[in-house]
Amino acid sequence: MNFIKNFFLNTKPHVQKGAKFHWLHSVHDGMFTLFFVSKDTSKSGAHVHDYIDLKRTMGMVVLALVPALLFGMYNTGYQHFKAIGELASTGFFEIFIYGLLRVLPILIVSYVVGLGIEFVFAQLRGHEIQEGFLVSGFLIPLIMPINTPLWMVAIATAFAVILGKEVFGGTGMNIWNPALVARAFLFFAYPAQMSGESVWVRLASGDKVVDTFSGATPMARAAAGNLDYSVADAFIGLIPGSIGETSAVAILLGAILLVVTGIGSWKIMVSTIAGGAVMGLILNAVSGNAGLSPEVATYFSMPFWHHLILGGFMFGAIFMATDPVSASQTEKGKWIYGFLIGILAIIIRVINPAFPEGMMLAILLMNTFAPLIDHYVVAGHIKKRAKRAKVSA
Amino acid sequence: MSEVIKLRKGLNIKLKGSAEKALEKLPTPATVALKPTNFPGLTPKLSVKVDAEVKAGEALFYDKYHPEIVFTAPIGGKVVSINRGERRRILEVVIATDKNAGSAEFKKAAPSALSAEEVKEQILKSGLWPFIKKRPYGIIANPEEKPKAIYISTFDTAPMAPDYDFVLQDQMDTFQTGVDVLAKLTEGDVNLGVKPGSAFSSVKNVVINTFEGPHPAGNVGIQIANTNPINKGDVVWTINVQDVLFIGRLFETGKVDFTKTIAFTGSEVKAPKYFETIVGAPIKDLVSGKLTTAGYSSRIISGNVLTGDKVSEKSFLSYYDSQVSVIPEGDDYEFMGWADPGFGKFSATKAYFGKLFPKKEYTLNANLHGGERAFVVSNQYEKYVPMDILPVFLLKAIMVNDIDKMEQLGIYEVIEEDFALCEYACTSKIEVQKILREGINTMIKELG
């Protein structure tokens, strides 16, 4: 390891202010601190510090996302071979490799573009490279349809990092979840490439599909009144959908890691799922209303818990809503924030025909309101304190 | 006996190097020093010049804005140097001790025979007043104010902290005298925070509050907040256990006696144990020859590892401290440290495997283990502050200098030590204690 350390130490003088390669300073620093935890020691206050830092925290989230990514790769291959009717004759590894080769480029583009911009901003602003994008860069591919062109991934990532994060001051300062900003950007700028029946399953131009093939997601079919998906497939994740969002199993594996390490807020996860379930139950209750058209009534009557395993609900509840920066910061606020995300996601999904999936918009909307929720929670706290002062006086 | 108040929030950091329950008397030091920098917000004015002869209990300097508050020599001798820092700020007033210098004479009387005014005057004149601190702000008490109560915590839950039941085992009578003196200073109660089963539970003339729980349960600020919280306009005085002894001795003997016991602790100490010395004793007397020489640099801290002052071997014990800790400096690069599974690493989070072995004692160094970032992770600080306060929102109010919000969010109730664990645990490596003190300074400046 010493030769790496020596390389960084020897090159350090060349990136200092005034030196020839100063423009590489933030990259040098970023790479150096990635390989070696800095030797900086405490200068004020506590002399001991926990081993936890932002790199570790973000690293844990990335680790939690790995099952969803791996499953997404497999599912990409699975959907492909299923569509062309060769599922039975294709081996596990071939299916996985097919997906790997389609997903990896998206991941690489997301990281290269995002980190590149991060490096430039760190250099311009003279701060250290911040770790936030380690997670955002991983999330972005997972919430894209497999057929998203790479150039779109690139501009969406650039949009998210610049307008979703850096204009606010970087990691820790942003209002919205950057990965969702990327998704929302594409959703509104290129709606045709982000929804419909042709974006979820990767097919080459010469591929012949089987007669029973439909590229629509179960959720889209449910919205049209066809509840013909297999619940087991939806839970395991062998359904069309965005790359990483289909498998509730893989997502829940990640959730376990986040909750056990304490890095993801279980309160937000639980309250979001509770909100979705409650709204699903309300829809079930009113599904008998005579004023509804048959398709809508069928969608209303879908068992409430199916909402939780279809579409991006689970992925959003576990990985998106829990982003500590854009979520509510108070503990009471987290319950309200999560619950409203759940409610809104199902309302948008079921009742608003313009948007097939509501999770993204629900989270972005509640990101916007999170500071307001916190404001009232803090105001309540202040009021309680003031009351205490009066009682004792 | 009162009910036990159980505090759940907090964290005990189990470090290697707690003091063995054995006491060694150090010889009288050749030099001692008072450091005006130990008193936040103080503007010192010198009463002596270099080469002046002083007796124990004679003034060295005083508070410019409260000239009645004097700081006296802990031991007789000759002022040998007055060390100054930037802008001629006084850093140290150093005395070469002299056995024959003697000590100043004060009244020797049972506290019950004295009036509140007489008690106050004697404490002020003898230089013991600075040991009495006030909340809000954790600064030296203003003798003109009337505190609603006096609080003393008789146990310390900080890492490797001294056990006062051991330190005071033969001095409980003197402690009782000191408490009786303090009782004269308030119309409210003297409150003693004790741990379950402590010898302090039998002290008389006080209200006993028993606390159970992890650090910071032993912090006097936490004890106040959980029994009689400070609201705007309230003043509470606090004093450390050993400093009560100084007051007790003054009234029992008519002389000042600044002898105190220091827990010498830390993973770099060969044989951690207790040493009897004096306020302002040189660090060198404690550490020389007693540290392991492991070939890397170590950090000497006057106080505990969460709130103490970094000191050099040439420096002196800080005024209020009853502990000296020595830990590795840790000023080296660690390869891929953030990706380490972390079996031997103590962490408050479960993101390292060290958490699986909660009984083990760990060695921690002074490395930050990461770079400073903006606030990212939420609900981290709240877990370590067992009182009705939102630490992050208070800190943010301080950062934007919003005095109304600081007041509403409870800046009167906390000082650095109460938030020290937040700083330890912070993922973003934010300098919590520094920010809090800046906020407190703003409050003092704006509201007086």
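This is a predicted model: local features need pLDDT of at least 70, side-chain atom pairs count only at pLDDT 80 or more; totals for chains, interfaces and linings use all residues.

Reader: Into which domains is chain A divided?

Author: Domain bounds come from an automatic or database domain assignment. In chain A, domain 1 covers 10-35 and domain 2 covers 57-204 + 218-380. Taken over C-alpha atoms, the centres of these two domains of chain A are separated by 36 Å. Two residues are in contact if their C-beta atoms, placed from the backbone, lie within 7 Å. By that rule, 6 residues of domain 1 of chain A are in contact with 5 residues of domain 2 of chain A.

Reader: How is chain B divided?

Author: Chain B has domain 1 (4-27 + 108-253) and domain 2 (381-447). Their C-alpha centres lie 24 Å apart, and 20 residues of domain 1 of chain B are in contact with 16 residues of domain 2 of chain B. On the domain 1 side of this contact in chain B, there are 10 nonpolar, 7 polar and 3 charged residues. Here Ala, Val, Leu, Ile, Met, Phe, Trp, Tyr, Cys and Pro count as nonpolar, Asp, Glu, Lys and Arg as charged, and the others, Gly among them, as polar.

Reader: How many residues of chain A are in contact with chain B?

Author: The contact joins 49 residues of chain A to 62 residues of chain B. The largest share of chain A's side, 7 residues, comes from α17(A). By class, that side of chain A has 19 nonpolar, 19 polar and 11 charged residues. Helices (H or I, at least four residues) and strands (E, at least two) are DSSP runs, numbered from the N terminus. Two strands pair if DSSP finds at least two bridges between them. Across the two chains, β1(A) pairs with strand β21 (residues 334-335) of chain B in the antiparallel sense over 2 bridges; A:Phe36 has B:Phe335 as its bridge partner in β21(B).

Reader: What is the order of the strands in the open sheet of chain B?

Author: This sheet of 3 strands has the order β4-β6-β7, with antiparallel pairing. In chain B, β4 (44-46) and β7 (66-72) stand at the edges, each with a single partner strand, so one side of each is left without a neighbour in the sheet. β4(B) is joined by 3 bridges to strand β6 (residues 59-63) of chain B, and B:Tyr62 in β6(B) is the bridge partner of B:Lys45.

Reader: How is a pair of packed helices described?

Author: Two packed helices are described by the angle between their axes and the distance between the axes. Axes are lines fitted to C-alpha atoms, for helices over the stretch in contact, and angles run from 0 to 180 degrees between N-to-C directions. In chain B, helix α7 (residues 391-399) and helix α10 (residues 432-447) pack at an angle of about 60°, with their axes 9 Å apart. That makes α7(B) oblique to α10(B); angles under 35 degrees count as roughly parallel, over 145 as roughly antiparallel, 65 to 115 as roughly perpendicular and the rest as oblique.

Reader: Which residues meet between α7(B) and α10(B)?

Author: B:Leu395, B:Ile398 and B:Met399 of α7(B) meet residues of α10(B) including B:Val432, B:Ile435 and B:Glu438.

Key:
Residues are numbered from 1 along each chain as its sequence is written. Chains are lettered from A and ligands numbered from 1 in the order in which they are written.
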